[in-house]
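Thanks for passing this one along.

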Amino acid sequence: MNVFIKSIIFLIIFSILHFGYDLTHWSFLKPFCGVDESVFQHLKMAFWAYFFSSIIEYFVLKKKSGFWYSRLLSTIILPWFIFLIWYLVPAFFGKLTSSTIDLIWAIFTSYASAVIAGIFEKNLEKTSLDLSFKIVIFTLFIISAILYILFTFKLPWIDLFVNPEILRK
């Protein structure tokens, strides 16, 4: 599937996951949908949206060889692409004051990250992976899925940007 088309599919699924729980309040959607506006919830939605996009891509392409490990690895790292790109604005410009610009930046960040993941996986797909690397990819995918699900219901004790020394006082 074309990287740009898959990225649009990703954005559509991401949007569905972003608003799915808020609109329905169906409990079974919580592990996949955003339940608040935290960075974690957005990374979780990106993880699942890209995985679901890859499932769609699989059925469209009917491709077997080299497909899943490259897609699983892309699914694992896509949230971190989003993290890296998203935080460029706060790093250089501080907090955005316009909701419109913030939304445009969010959409651009998500789309660009999906394009990068697509390029990454298309190149990885051409490579022969040994069993140990496949085991690492599969294990990291399972760990990621477990953490995204568990932390939906019980957040860890510390936020990503909080200084732990402040919490001890």
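The points below start with the overall fold and then turn to the charged side chains.

1. Please keep in mind that this is a predicted model. The protein has seven helices and zero strands. Its radius of gyration is 17 Å, close to the 15 Å from the globule rule for 169 residues, so the protein is as compact as a globular protein of that length.

2. Buried residues account for 39% of the 169 residues. Of the contacts between residues at least 6 apart in sequence, 71% join residues at least 24 apart. The accessible surface is about 10,400 Å², and 73% of that belongs to carbon and sulfur atoms.

3. On charge, there are 14 positive and 10 negative side chains. Six salt bridges turn up in the whole structure.

4. Which residues pair with glutamate 57? One is lysine 6, with N to O at 2.7 Å. That pair joins helix H2 (residues 39-61) to helix H1 (residues 3-24), 51 residues apart. Both glutamate 57 and lysine 6 are buried. Another is lysine 122, at 3.4 Å from N to O. Lysine 122 sits in helix H5 (residues 99-125) and glutamate 57 in helix H2, so this pair ties together parts 65 residues apart in sequence.

5. Glutamate 125 forms a salt bridge with arginine 71, with the closest N and O atoms 3.3 Å apart. Here helix H5 is linked to helix H3 (residues 67-86), across 54 residues. Glutamate 125 counts as buried at 13% relative accessibility, and arginine 71 is buried at 0%.

6. Finally, a network of salt bridges links Lys6, Glu57, Arg71, Glu121, Lys122 and Glu125.

Technical notes: Residues are numbered from 1 along each chain as its sequence is written. This is a predicted model: local features need pLDDT of at least 70, side-chain atom pairs count only at pLDDT 80 or more; totals for chains, interfaces and linings use all residues. Side-chain values use heavy atoms; hydrogens and water are left out. Helices (H or I, at least four residues) and strands (E, at least two) are DSSP runs, numbered from the N terminus. The radius of gyration is taken over C-alpha atoms; the globule rule is 2.2 Å times the number of residues to the power 0.38. Buried means under 20% relative accessible area, exposed over 50%, partly exposed in between (1.4 Å probe, protein chains only). Contact means heavy atoms within 4.5 Å. Accessible areas come from the Shrake-Rupley method with a 1.4 Å probe; for residues, only the protein chains shown count as cover. Lys and Arg count as positive and Asp and Glu as negative; His and the chain ends are not counted. The place of a charge is taken as NZ of Lys, CZ of Arg, CG of Asp or CD of Glu. A salt bridge is a side-chain nitrogen of Lys or Arg within 4 Å of a carboxyl oxygen of Asp or Glu.
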